[in-house]
Amino acid sequence: MPRHAQSGQANLTTILLLLGLVVSGVWVWKRLSPDMQDLIIDQATLKRALGDKQHQVRGMAASHLGVIGDDAAVAHLLAALEDDHAYVRSSAALGLGRLRASAAKDKLAYVSKEDWDQTVRSRAREALERIR
């Protein structure tokens, strides 16, 4: 068989495989409830927003991750407790409190005593009270 024909078959196979993946992905997505679709989109957006350049965006994302109520956000919020900006750290503490994240107790206890910002220390104490 000429080399050109083999290349054409490989391209066709690749296209059909990708088309099958897209169709099956859409099929699965359509079977999720609208609430589940919204949750997936919200979490992905908020987790990405935690890396934003603007501290206001990072802080709002940290706060809203706590509202969603998914324990998968705990690791991201723990990382946000070490942000350079106090607003982000206080929002992360608030989010952890909303999640009642018992895995964050030690870190929140440390932040409640050692953070240089009074608001962050206060939010960390509030979070600890919600967790207990």
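1. At 4% relative accessibility, R89 counts as buried. This assignment, like every other in this note, rests on a predicted model. The side chain of R89 forms a salt bridge with that of D115, with an N to O distance of 2.8 Å. D115 lies in the loop between α6 and α7 (118-131) and R89 in helix α5, so the pair ties together parts that are 26 residues apart in sequence. D115 is likewise classed as buried, its relative accessibility being 12%.

2. In general terms, side chains of opposite charge can pair when their charged atoms come close. How many salt bridges does the model contain? The count comes to four. Three of them, including the one in point 1, are discussed in this note.

3. A second pair is R58 and D83, whose side chains meet in a salt bridge at 2.9 Å, N to O. R58 belongs to helix α3 (residues 55-68), while D83 sits in the loop between α4 (74-80) and α5 (86-99); the two residues are 25 apart, and the pair links distant parts of the chain. Both R58 and D83 are buried.

4. K107 and E82 form a further salt bridge, in which the closest N and O atoms are 2.7 Å apart. K107 is in helix α6 (residues 105-114) and E82 is in the loop between α4 and α5, so this pair joins parts that are 25 residues apart in sequence. Are these two residues buried or exposed? K107 counts as partly exposed, at 24% relative accessibility, and E82 is exposed, with a relative accessible area of 55%.

5. Helix α7 has 14 residues and spans 20 Å from its first C-alpha to its last, close to the 20 Å expected at 1.5 Å a residue. At the start of α7, a side-chain oxygen of D117 comes to within 3.0 Å of the backbone nitrogen of T119.

6. Which residues of α7 are buried? They are V120, A124, A127, L128 and I131. Viewed down the axis of α7, these buried residues fall within an arc of 100 degrees, so they line one face of the helix. The elements covering the buried residues of α7 include α5 and α6. Of these, α5 carries R89, and α6 carries K107.

Methods: Residues are numbered from 1 along each chain as its sequence is written. This is a predicted model: local features need pLDDT of at least 70, side-chain atom pairs count only at pLDDT 80 or more; totals for chains, interfaces and linings use all residues. Side-chain values use heavy atoms; hydrogens and water are left out. Helices (H or I, at least four residues) and strands (E, at least two) are DSSP runs, numbered from the N terminus. Buried means under 20% relative accessible area, exposed over 50%, partly exposed in between (1.4 Å probe, protein chains only). The expected span of a helix is 1.5 Å times one less than its number of residues. The arc is that of the directions from the helix axis to the C-beta atoms. Contact means heavy atoms within 4.5 Å. A polar contact is a pair of N or O atoms within 3.5 Å; within protein, one must be able to donate a hydrogen and the other to accept it, and residues adjacent in sequence count only if both atoms are side-chain atoms.
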